[in-house]
Amino acid sequence: MNVSLSARNIVKRYGGVVALSDGNLDVQSGEVLALIGANGSGKSTLSKVINGVVVLDGGQLLLNDKPVQFSSPQAAKEMGISIVFQELSLIPLMTIADNIWLTREPTKGLGLVDRKIIEKKTLELLSLFEGTYETVLSPDTVVADLPPDEKQIVEILKAISFDPEVIILDEATASLDSRQVQRLFELVETWKKAGKAIIFVSHRMEEIFRIADKYTVLRNGFTVGSGEIKDVTENDLVKLMIDKESVLDFTRDTYDEETMNQKPVCLEVNDLKTEVLAGVSFKVREGELLGLGGLQGQGQRELLLALFGDIPFKGEVRFLDESVHFRHPRQAMKKGLALVPGDRNREGLLYIRSILENLLLPSWRKYGLPLKMKKSISDANQVAASLNLKMAGLQEPVSSLSGGNAQKVVIGKWLMRSPQLLLLDDPTKGVDVGTKGEFYTLLTKLCAEGKTILFYSSDDEELLGLCDRVLVLHDGKIRSELIGDDLNKESLVSASLGVTNGGES
Amino acid sequence: MKKFRISPPVAAIILAVVLFLLSGLLPNGYGSDVDVAISQATNIVRLAVFLGVIAAGQTLVIISGYEGIDLSAGSVVTLTAILTYVIVSGENAMVIPALLVAIAVGALVGFINGLGITFLKISPLVMTLGMSGVVTGAIIVINHGNVSGKIAPIMTRVIARPVAPNIPIPGAVVIWLLFGLFMWALLERTTFGKNLFAIGTNRVTAKLSGVNVTWTNIGAYALAGALTGFGGFLVVGNTGVVFIALGQPFLFPAIAAVAVGGTLLSGGKGSYWGTMAGAIVLTLITSLLTTMQMGESVRRMVLGATLLALISLYGRQKSFRQ
């Protein structure tokens, strides 16, 4: 049985944002194609288009050289295309068997579900990963009770349970241990022999070189290169992923390590551990703008939340020469910390409340009883003006603001308290270019005033343009620390992907 | 262009006026007699006071969001009314102690509601409904079904009678206006009020902005209980008698009054002025049904259906929470 799948000039827009401008790939029976790209390059969008999760805005999908259109994931499944998601699509409170056979339950007469066949087929599937489970897996185990790696395995089994022709593995190895990855790769080999086509989306170079036959690299929504894996090296692929010309046009002061080292330490973290972080240690000095880099979801968010007292952690934190262990954001806030969270609408704003109330939320207590409204309004106006906040008035709801202005409100509510240490979680996400420029100026200004900033960004350009020093996180650990000349696009991307090219690891 | 919008409290007042004018057209309405119309209007506002005060606590817990509601309010009214009745026993001197007890007992019940909702993570609906059963049971246990007591003359004088012989404004209405001012200050001019709106809108944002979500939420329920206790005190001051089913009929209209007053049932937005207007609308509807000389059972059915219609109508406002 031969199968081939091609994507030609795929375009996908989300509102005004172009996620994919020209996505192309080809994969055939008996091949593993690695789909590679940096954060936001369009990998996930392209796999979603192929799988029918999102509808394409332009271009063509060819299955066995015939144009096809999938209106839903169900339609793609019927044509033999299956995807293993990185964010799990399992229903936690249902059993393994029920999850795998959901909507396709084998039935006997009268439409009753045939439990025996389900159990037998599920056992067959589970035996594929025999020996790699920590727990005893039976078809009746509830998914919520499984550790993350075994959930991922169930997800894989679910995707292959209807014997698809094309299998897309979207970061499927991220939560598996080495034995499980080994077993998965053995299975991939048998699928190849059985004539299936496999698309392997991954950030792990080592795995790509182990398993893939061909590669396709995406950058900013364009397919920028494809070919045989045996013809390239890791560094060739990294270079393809990097857009040389687009480094931010923003000049930072030259970094003087000696001057910086004389300044007092603002924050010192020793062996900080959470569910995600596996022991993180670093120091930040006063007036420093320290960047946090790496792929999304490597523990940057958890680090910032733990420092701010929102999630529990183990380890030692010293802030301004005082040992602290915040258990509620309120305590952190009182000591002079501030957090701009990653999800503006869900974590940073009171969407239906006024701009005034959003700006003053952390500070009301300072305005006495009854609240001194005139004072609060003039203070809020002052901060709004300093941020160049474009609004119809302080009484208007935050929902009336654009993304960039809404983010100014989130930053503004902390500036009203003049914090000593700002923790920023991807603050320029979904913010227009003009406002981004204003943020950069603001951050540099704050540092010059002696404030300290810990800055995570999913945009490598920003880290390069703004920070003197960047810690790259990978799998909950600090993978490398990039300073001065070592801080360039190539080293940043390599470190993010876990590629070690001679430097410290 | 700015869209023309009527704020919900104003809309409720307009609704009340329209309903009142319509009620004059009924066969046994006030017709063209202005004096009768005025005295009837005054009486309706006077009756709305009790519903309005009881709905104050409801306003707080509904603003606190996340399905906040207080279904124990009806039984708390009964309990605090009986306590007032028993403690006062006709003595003017015992009025203040009775008032304090009513408020304290209400606050205690609300505090327990708050603890169950926040620490045991019981949904407000289930927690307060269960508490309603507990309080009703407690009333029966304490009194063994018969109560002896009496309200004091000063209560009747202040609550039920006009302020002065030549000013036909009932004392209760004056109390209500002062109470409204207190509620406005509580919601708009205290840190607690601001935090209450914040936790009703988005608890993640609130926590990450340093708001103590748990204790603000418990505070809302405790305060709601205290206000309902005050409501019980006022109710018995008006009726002068107590019985086991005294408070329950206030419960559902109070929730409806909050909704009609423009407070979002999903939380995070609302005002007590709106609830006051809503209480007047609800009282009018009840009196309208009485004026139409419906039988007690038919009236109950119509009232129930009207309340459901109102709540569903107002409950449809979209929550902007994402």
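I began with A:Asp475, which lies in the loop between β21 and β22 of chain A. Helices (H or I, at least four residues) and strands (E, at least two) are DSSP runs, numbered from the N terminus. I note that this is a predicted model, in which local features need pLDDT of at least 70, side-chain atom pairs count only at pLDDT 80 or more, and totals for chains, interfaces and linings use all residues. Residues are numbered from 1 along each chain as its sequence is written, chains are lettered from A and ligands numbered from 1 in the order in which they are written, and side-chain values use heavy atoms, with hydrogens and water left out.

I looked up the backbone of A:Asp475 and found a positive phi of about 55 degrees, although the residue is not a glycine. At 46% relative accessibility, A:Asp475 counts as partly exposed. For this term, buried means under 20% relative accessible area, exposed over 50%, and partly exposed in between (1.4 Å probe, protein chains only).

Next I took the strands on either side. β21 (residues 469-474) and β22 (residues 477-483) of chain A run antiparallel and are joined by six bridges. Two strands pair if DSSP finds at least two bridges between them. They form a hairpin with two residues between them, and A:Asp475 is in the turn. Across the pair, A:Leu473 stands opposite A:Ile478 in β22(A).

I then went to strand β16 (residues 314-319) of chain A. Over five bridges, β16 pairs in the antiparallel sense with strand β13 (residues 265-273) of chain A. A:Glu268 has A:Arg318 of β16(A) opposite it.

β16(A) also pairs with strand β17 (residues 323-324) of chain A, again antiparallel, over two bridges. A:Val317 has A:Val324 in β17(A) as its bridge partner. β16(A) and β17(A) make a hairpin with three residues between them, and A:Leu320 in the turn has a positive phi of about 50 degrees.

A:Asp271 counts as partly exposed, at 40% relative accessibility.

**Entry: helix α8 of chain A**

Which residues of helix α8 (residues 234-241) of chain A are buried? I found A:Leu237, A:Val238 and A:Met241. They cover an arc of only 100 degrees around the axis, which puts them on the same side of α8(A). The arc is that of the directions from the helix axis to the C-beta atoms. An α-helix has 3.6 residues a turn, so residues three or four places apart point the same way.

I also looked up what covers these buried residues: the list includes β3 (31-36), α7 (205-211), β11 (214-219) and α18 (489-497) of chain A. Contact here means heavy atoms within 4.5 Å.

**Entry: aromatic rings**

The structure holds six aromatic pairs over all chains. Rings of Phe, Tyr and Trp (its six-membered ring) pair if their centres lie within 6.5 Å; planes under 30 degrees apart count as stacked, over 60 as edge-to-face and the rest as tilted.

I followed one cluster, in which ring pairs link B:Phe179, B:Phe182, B:Phe230 and B:Tyr272. B:Phe179 and B:Phe182 are three residues apart in helix α7 (residues 171-188) of chain B, separated by about one helical turn. B:Phe179 is buried at 7% relative accessibility, whereas B:Phe182 is partly exposed at 44%.

How do the rings of B:Phe179 and B:Tyr272 meet, and what is the angle of their planes? Their centres are 5.6 Å apart and their planes at 80 degrees, so the pair is edge-to-face. This pair links distant parts of the chain, with B:Phe179 in helix α7 and B:Tyr272 in helix α12 (residues 272-291) of chain B, 93 residues apart. B:Tyr272 is buried, with a relative accessible area of 2%.

**Entry: a charge over a ring**

I found the charged end of A:Arg353 over the ring of B:Phe197, 4.0 Å from its centre. A charge sits over a ring if NZ of Lys or CZ of Arg is within 6 Å of the ring centre and within 35 degrees of the ring normal.

**Entry: a cis peptide bond**

Last, I looked up A:Pro370, in the loop between α13 (355-360) and α14 (373-386) of chain A. A cis peptide bond joins A:Leu369 to A:Pro370, with omega about -10 degrees.
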